[in-house]
Amino acid sequence: MASQLSLLRVTFLGTSAAQPTIHRNLSGIAVKADTDLLLFDCGEGSQRQMIRFGTGFGVDAVFFTHFHADHYLGIIGFVRTLGMGGRETPLTLYGPAPARRILQAALYLGTEKLDFPVEVKELKDGDRVERGNYSVRAVGVDHRVNALGYVLEENTRPGRFDLQKALALGVTPGPSFGQLQKGQPVQAQDGRTVQPLDVLGPSRPGRKLVISGDTRPCDALAAAASGADLLIHEATFSDDEQARALETRHSTAREAAQVAKAAGARRLPLTHLSSRHDVDPGKLLEQARQSFGGPVDVAYDGLTVELPL
Ligand SMILES: [Zn+2]
Ligand SMILES: [Zn+2]
């Protein structure tokens, strides 16, 4: 298996909080990680957004952040569409408790039967789902109900192989090079042992993508997002709605930016906008930029962000 991903791409399917608007659908983020396609939340209408934005329907797993209606009702129709399309491959749905109770009800709502296996797995803070050359880790966040943020992390990549050094140490070109790159010692032509660390540079951290879900600004999430290439944070409100943000356990754009700053994130797309900011999110952008020096975007439906190697 390759030690790293070549493609890591995020597509925003929906960027509105609570209710859909003309411009914005409810929460949903598609992540393409090489051949894997993951969904993070599946608000009502997500399947139509997947058609609009060309993500394909070959979803391997759905990670729900929590079970407020704007984040999961889309799964009901989506599994029906997959069934009609003749899907046979299993689908795994992950989410915080009570994922099992809610998703089982959603899956068996109506009279159609499910034609392919769907498994529901509950996650809690700290749980990690290994997916080959990357993993998805759940982080408990601070919302009105049990809620998780997610950290998608590529595995650490081995350091660069120093060919000249290997030759200088008398390693025979050929299979020995591969062994060293896999972390195995080899014997040089003069019989000495050459260790991988003699010819490999320092290992390189993989790419990191963090999705906050719905939350108040949260230290645990900031810690988990340390050095993230992309921190997708909810920004439901602006400064003048601070009281609402506290009451409903959401974040303002400024608070999202403070989390990004604390985390040292490299780029901050804001999402989950209240309908007040639907058409003109300028205020959110401005307030976030006052607290975070890196690039800030207000995500829109269809926005695609690729994380380069
Ligand atoms: Zn929400
Ligand atoms: Zn919520």
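Which residues are the protein donors of the zinc ion (ligand 1)?

## The site of the zinc ion (ligand 1)

In this predicted model, the protein donors of the zinc ion (ligand 1) are Asp70 (OD), His71 (NE2), Asp214 (OD) and His272 (NE2), at distances of 2.1 to 2.3 Å. Donors are N, O and S atoms within 2.8 Å of the metal (3.2 Å for Na, K and Ca), and sites may look incomplete because water is not among the atoms. The angles among the four donor atoms run from 88 to 168°, and the site is irregular. Four donors count as tetrahedral if all angles lie between 85 and 135 degrees; four count as square planar and six as octahedral if opposite donors are over 155 degrees apart and all others between 65 and 115; anything else is irregular.

Along the chain, the donors of the zinc ion (ligand 1) follow the spacing D-H-x142-D-x57-H. Asp70 lies in helix 2 and Asp214 in the loop between strand 12 (208-211) and helix 8 (219-224), so the pair ties together parts that are 144 residues apart in sequence. Helices (H or I, at least four residues) and strands (E, at least two) are DSSP runs, numbered from the N terminus. Both Asp70 and Asp214 are buried, where buried means under 20% relative accessible area, exposed over 50%, and partly exposed in between (1.4 Å probe, protein chains only).

## The site of the zinc ion (ligand 2)

The zinc ion (ligand 2) is coordinated by His66 (NE2), His68 (ND1), His143 (NE2) and Asp214 (OD), at 2.1 to 2.4 Å. Asp214 bridges this zinc ion (ligand 2) and the zinc ion (ligand 1), and the two ions lie 3.5 Å apart. The site of the zinc ion (ligand 2) is irregular, with angles of 86 to 169° among its four donor atoms.

In sequence, the donor residues of the zinc ion (ligand 2) are spaced H-x1-H-x74-H-x70-D. His68 lies in the loop between strand 4 (61-63) and helix 2 (69-72), and His143 in the loop between strand 8 (134-140) and strand 9 (148-154), so the pair ties together parts that are 75 residues apart in sequence. His68 counts as buried at 17% relative accessibility, and His143 is buried with a relative accessible area of 9%.

## Helix 3 and strand 5

The buried residues of helix 3 (residues 74-84) include Gly74, Ile75, Phe78 and Val79. Buried residues of this helix pack against strand 3 (36-42), helix 1 (46-52), strand 4, helix 2, strand 5 and helix 4 (99-107). Just after helix 3, Gly86 takes a positive phi of about 80°.

Thr92 is found in strand 5 (residues 91-95) and is buried, with a relative accessible area of 14%. Leaving aside residues up to four places away in sequence, Thr92 touches Asp60, Ala61, Val62, Glu119 and Lys121; contact means heavy atoms within 4.5 Å.

## Glu255 in helix 10

Glu255 is found in helix 10 (residues 253-263) and counts as buried at 8% relative accessibility. Glu255 touches Arg216, Pro217, Gln242 and His250, residues up to four places away in sequence not being counted. Glu255 and His233 are 22 residues apart in sequence and 9.6 Å apart in space, C-alpha to C-alpha. A polar atom of the Glu255 side chain lies 2.9 Å from the backbone nitrogen of Thr252.

## Basis of the values

Residues are numbered from 1 along each chain as its sequence is written, and chains are lettered from A and ligands numbered from 1 in the order in which they are written. Local features need pLDDT of at least 70, side-chain atom pairs count only at pLDDT 80 or more, and totals for chains, interfaces and linings use all residues, while side-chain values use heavy atoms, with hydrogens and water left out.

Methods
A polar contact is a pair of N or O atoms within 3.5 Å; within protein, one must be able to donate a hydrogen and the other to accept it, and residues adjacent in sequence count only if both atoms are side-chain atoms.
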